[in-house]
Structure formats: C-alpha cells, structure tokens
Amino acid sequence: MRVEQRSQLAAMQQLESRSDEELEAETRYKSAAQAILGARAAERYDAKAARAHFQKALASARPQERMQLRRMADASLALAERRPADLKKATERLGVEAPTNRQLRGLQLMGLIAPPASAGALARIRGVLLGILLVVAALALGFGIVYGIGSAAGGISWDISIFYGFLLVVVVIGVLAYYGRRRQKRSRAERSQQIAAR
C-alpha cells in the first residue's frame, strides 16, 4: 500500500509537465491529474474551477491520499480566493515552504484590486477604482522619469515625454511579467518536488 501511495504522489511530479487537455484525459492517476488542474486553476485565481477539480480529485483518491489532497485544496483555494492569512496556515499544514511576507502582501493587494467573484459589488467597484489609480500612477511615474532625464539632457517636449513614458511603463511591465512567469514555474516545480518527497 505504501508503494502505491508513493507512486501516486510521485505521479504528480511526472504529470506537472503535461498540458491541461492531457491531464483531463488521464485515467491511471486521475486524482493526481485533477489536483494539478485544481492548483493551476487556483494560480489563475479561478476558485470555482479549482474547487471542482479538487472535488473530482478527492472522489477518485484512495482514503490514505485524501488528507494530503484536502490540504492541497485548502492552500489552492486560499490562493484563488486571495486570502493571505489562510494561505500561510494552509501551506504550513501542507508541509511546504510558506509564502514570504512580500508574496502575501502582493496577494492582499491583488485581493483589493481584483477581488474574488464571491466579493460584493462595493469591493469590485473599489477594485476598479484602485486599478485605474495604479495605472495613472504608473504612467505618471514613467512620464516623470522620461521628462526628468530629457530635461537634464537638454530639454524634451511634452508629447515625446508622454510617448516614451508610456513605452517605458510597457517595457518595465513586460520584463516584470517575464521574470514573474519564470519564477512562478520554478516555484511550481519546487512545490511539486516537495509534495512528491513527502
């Protein structure tokens, strides 16, 4: 029985590299495949899909695997619903490295800007207003940097400053998104190795 349990958990690491369509079609390690799909849905902040995948994973899991799957589901749903305090507790119970305070603050900010579907209308309006405010602040910062450098270099017109300020913001966001994706892939791989090692 222990050998079978280890092979189920080790299967998670092997299945990580598969696409969502391949995981949906998986029959041998269905619970592991559904758990991975649930975790991916949670990373996209889709709590409804994550909950559905974890329910399928629990239904097809062996009794000795259910506790670990419930812990994974708790952590993933806390992420999808943007609940930083619950995420920290759930990852500690899961036995993996808890998110850093910086990551938890980022999740809290994300919860303010893009609240989960279960949040009320007031929270969504607040999120839209905060999002607009952040975009305006980023564009103003980009304009300020370009205009300051241009003024120091001998003068620059407002329209050129606005264009290059916008371009600077787009480039910075692109670079941050690229490195964020790489970091997310690396942390996902480390997390799956930790789960498989348990």
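**Figure 1. Packing of helix H3 against helix H4 in the predicted model.** Helix H3 covers residues 30-43 and helix H4 covers residues 47-60. The two helices pack at an angle of about 165°, and their axes are 8 Å apart. An angle over 145 degrees counts as roughly antiparallel, and H3 and H4 are therefore roughly antiparallel to each other. Their crossing is left-handed.

**Figure 2. Residues in the contact of H3 with H4.** On the H3 side, the contact is made by Lys30, Ser31, Gln34, Ala35, Leu37, Gly38, Ala39, Ala41 and Ala42. On the H4 side, Ala49, Ala50, His53, Phe54, Lys56, Ala57 and Ser60 take part. Sorted by class, the contact has nine nonpolar, five polar and two charged residues.

**Figure 3. The largest nonpolar core, with Ala35 among its members.** This core has 18 residues. Those that touch the most other members are Met12, Leu15, Leu23, Ala35, Leu69 and Met72. Helix H1 (2-15), H3, H4 and helix H5 (63-80) are the elements that give two or more residues to the core. With five residues, H3 gives the most. Leaving out residues up to four places away in sequence, Ala35 touches Met12, Phe54, Ala57, Leu69 and Met72. Ala35 is also one of the H3 residues in the contact with H4, where Phe54 and Ala57 are among the H4 residues.

**Figure 4. Tyr45 in the loop between H3 and H4.** Most residues other than glycine have a negative phi. Tyr45 has a relative accessible area of 28% and is therefore partly exposed.

**Figure 5. Arg82 in the loop between H5 and helix H6 (84-94).** Arg82 is not a glycine, yet its phi is positive, at about 55°. Is Arg82 buried or exposed? Buried means under 20% relative accessible area; Arg82 has 12%, so it is buried.

**Figure 6. Gly142 in helix H8.** Helix H8 covers residues 121-152. Gly142 is buried, because its relative accessible area is 3%. Not counting residues up to four places away in sequence, Gly142 touches Gly165, Leu168 and Val169. Leu109 is included as a point of reference: Gly142 and Leu109 are 33 residues apart in sequence and 21 Å apart in space, taken from C-alpha to C-alpha.

**Figure 7. Ser151, a second residue of helix H8.** Is Ser151 buried or partly exposed? The relative accessible area of Ser151 is 38%, so this residue is partly exposed. Ser151 and Ala189 are 38 residues apart in sequence, and their C-alpha atoms are 47 Å apart in space.

Note on methods:
Residues numbered from 1 in each chain as written. Predicted model: local features only at pLDDT ≥ 70, side-chain atom pairs only at ≥ 80, totals over all residues. Heavy atoms only, no water. Axes fitted to C-alpha atoms, helices over the stretch in contact; angles between N-to-C directions. Helix = DSSP H or I, 4+ residues; strand = E, 2+ residues; numbered from the N terminus. Parallel < 35°, antiparallel > 145°, perpendicular 65-115°, else oblique. Left-handed = near helix turned anticlockwise from the far one by under 90°. Contact = heavy atoms within 4.5 Å. Nonpolar A, V, L, I, M, F, W, Y, C, P; charged D, E, K, R; others polar. Core = buried A, V, L, I, M, F, W, Y, C linked by side-chain atoms within 4.5 Å. Buried < 20%, exposed > 50% of the residue type's maximum accessible area, 1.4 Å probe, protein only.
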